[in-house]
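Thanks for coming, everyone. I'll take you through a few local features of one model.

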Amino acid sequence: MRPTKYAWPTSDEGRSVKFCAQLFNEMLGEYSFESFRVYALDTLSRLSEALTLLDDVQRDRVPRETLEPVVEEVLWSLGRDPVAKSTVGLELVSLQELTKQPKFLLTDLVATVQLIKRLLVGSYKSRLEARILDLLTDGSRKIELRQCCGFYSSHLINAGYSKQYLEEMIEATFFSGDMQHAGTQTLADFFARLKGDDVDYTVYTPVSSEFRTYVYPLGFETANEFNIPQPARDALAFAFTPPFDSVIISRVKAVDWYRAINDVHQVLTHTRALTYLSPDGMACRWQEWMYVHDDKANWGRAFRGRSLSFDRPAAGSVTAGRRLQNTRAYTKRVLENFDNASTERLLSSINTAALARTSPSTENQLISLWSAVEVLLSDPPRGAPRILHYVHHLVPCICLRHVRRQFVAVYEELLVSYRSRLNKILRREANFGNQDAHTNFAAVLCLQENEALREELCALCGDNPLALHRLFKLHRDYSVSMEAAAAIGGHEKRVQWQIHRIYRARNQLVHSGRVPSYLQSLILNLFEYYRGSIATIVNRARKDEQRSNIDQVVAEIGVEYGIFKRHFPARGAKPLSREDLQRLVGVAP
């Protein structure tokens with residue numbers, strides 16, 4: 001969301017291309033706020049997921065009730081996706097009517113979903129690209145443009161592209177120098193480079209001689225460091241240090257070089273796992289740097305894949321000393337605000353979650369994080385579905401402070417680029433000094449009386465289309481009580497769907513070894529959910545004079561969230577008041 005340091009054309013079309021480029025960059029970014037990241041699934045992937053689950057239901061592997069959130073999300077996706085809505089509008093109506101029936105036939109649902117998928121699958125990507133290009137010249141449809149960019153980014157990820165590759169493509173195309181021209185053709189050329197076709201790669205991985213000796217009889221192609229092509233040898237010269245004096249050569253088909261590296265890494269990881277069964281064991285080691293050669297283009301380079309990281313850069317408003325002070329205070333709350341049994345459970349949950357930070361396996365990361373959730377929350381009542389119990393308790397902990405986190409995320413990004421000018425505007429808010437900076441920022445955006453300050457804030461971000469859009473959307477969603485209620489309810493639904501998906505993915509990993517293509521997105525979302533839930537629970541426990549019981553705290557958060565949700569619909573179309581603003585984003589006393 002930060003402004004680019006390079007010059008861009010100021011035409012309406014040029015600004016729209018800049019907006020798309022900023023959106024792609026933010027959606028695929030490693031450190032983007034959870035609500036601004038790319039969707040875990042696009043519409044086609046949701047349809048495929050629904051068909052897989054329907055098959056499991058028909059085979060009595062899972063109860064029919066598990067279909068409800070999946071069907072809800074499919075209907076939401078088809079209704080929100082501009083391309084799907086225009087392509088299968090009549091079929092969507094049929095699906096809606098079918099699912100309204102209390103006892104619809106599963107065979108009818110399968111047939112309808114298969115029909116919709118078949119109508120979309122062949123031209124979905126090209127239709128999304130065409131719609132995005134059409135919208136570039138219509139400045140009044142930024143919301144639809146953002147939706148299309150979101151579904152397009154998600155489609156690329158689910159089609160096999162790695163985020164790291166797409167980030168580099170976006171950086172090289174849009175943010176590596178001054179843009180003399182930026183228009184429809186600029187974006188069309190970018191789309192043309194993303195054909196989705198598999199490329200033949202040869203990957204050279206430095207390994208230990210012991211590992212090479214182990215895998216050679218298993219059919220792996222191997223060599224020593226002196227018997228590989230000279231370009232690969234030169235590029236990996238720094239990597240051939242003891243004990244790495246040998247090479248495994250892999251022939252891989254993938255849509256990009258980082259995906260090729262990931263595929264090789266997975267094969268080597270699974271091969272190494274087999275050695276754990278041996279009573280003697282074996283040190284199977286390989287370098288994280290690999291040389292990837294595009295066989296058709298006759299071009300290669302050394303690459304290093306990026307492991308999934310849970311670390312986040314420090315907020316722009318927090319100094320190193322303040323960060324240490326905050327961390328110490330937070331740790332003290334965890335250790336001192338709960339009774340002994342709750343403290344033990346809380347620490348056990350946190351320790352289990354910490355395993356995800358140190359594990360190189362994404363499968364283990366998801367399993368560890370979900371296990372931490374189960375340790376954190378109480379056991380389900382006898383006979384109650386486990387997932388419904390966890391959703392019931394987890395959703396309030398995630399959603400209660402989500403609106404505040406949105407304003408915090410946008411404020412902190414703006415602060416990096418516009419610090420002094422932003423603060424100059426915020427100081428003129430009537431309640432400045434009596435509330436924290438994030439609430440002050442929300443007051444400027446949402447309160448009717450601050451229209452003049454809001455216009456100044458928009459003028460400040462005039463050369464930053466994405467920042468303007470974020471300000472517009474926060475104002476639209478939270479300046480009127482009725483709109484705030486809709487935004488809160490929509491976020492709650494999406495969180496519910498995602499928790500159900502995470503639970504299904506965890507069960508597939510544990511019980512059948514199936515690894516979904518969108519696993520990394522689930523892990524990032526689950527980590528954010530877990531960290532947000534812990535923060536909500538710890539902050540709530542501060543209100544108690546006595547040491548808190550964690551189950552009671554979670555139950556009270558559920559009550560508080562219910563009160564929070566009911567407040568805004570009851571106020572109807574009234575503008576947001578200062579009392580409403582405090583409920584939305586104010587710091588808990």
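Asn298 is exposed, at 61% relative accessibility; exposed means over 50% relative accessible area, buried under 20%, with partly exposed in between, using a 1.4 Å probe on protein chains only. Asn298 is not a glycine, yet its phi is positive, about 55°. Its place is the loop between β4 (289-294) and β5 (299-304).

Keep in mind that this is a predicted model: local features need pLDDT of at least 70, side-chain atom pairs count only at pLDDT 80 or more, and totals for chains, interfaces and linings use all residues. Numbering runs from 1 along each chain as its sequence is written, and side-chain values use heavy atoms, leaving out hydrogens and water.

Next, Asp60. Asp60 also is not a glycine and has a positive phi, about 60°. Asp60 sits in the loop between α2 (43-58) and α3 (67-80). Asp60 counts as exposed, at 70% relative accessibility.

Now helix α13, residues 257-275. Helices here are DSSP runs of H or I, at least four residues, and strands are runs of E, at least two, numbered from the N terminus. Which residues of α13 are buried? Trp257, Tyr258, Ala260, Ile261, Val264, Leu268, Thr271 and Thr275.

Last, a cis peptide bond. It runs from Pro242 to Pro243, with omega near 5°. Pro243 lies in the loop between α12 (230-235) and β3 (244-254).

Conventions
Expected span 1.5 Å × (residues − 1).
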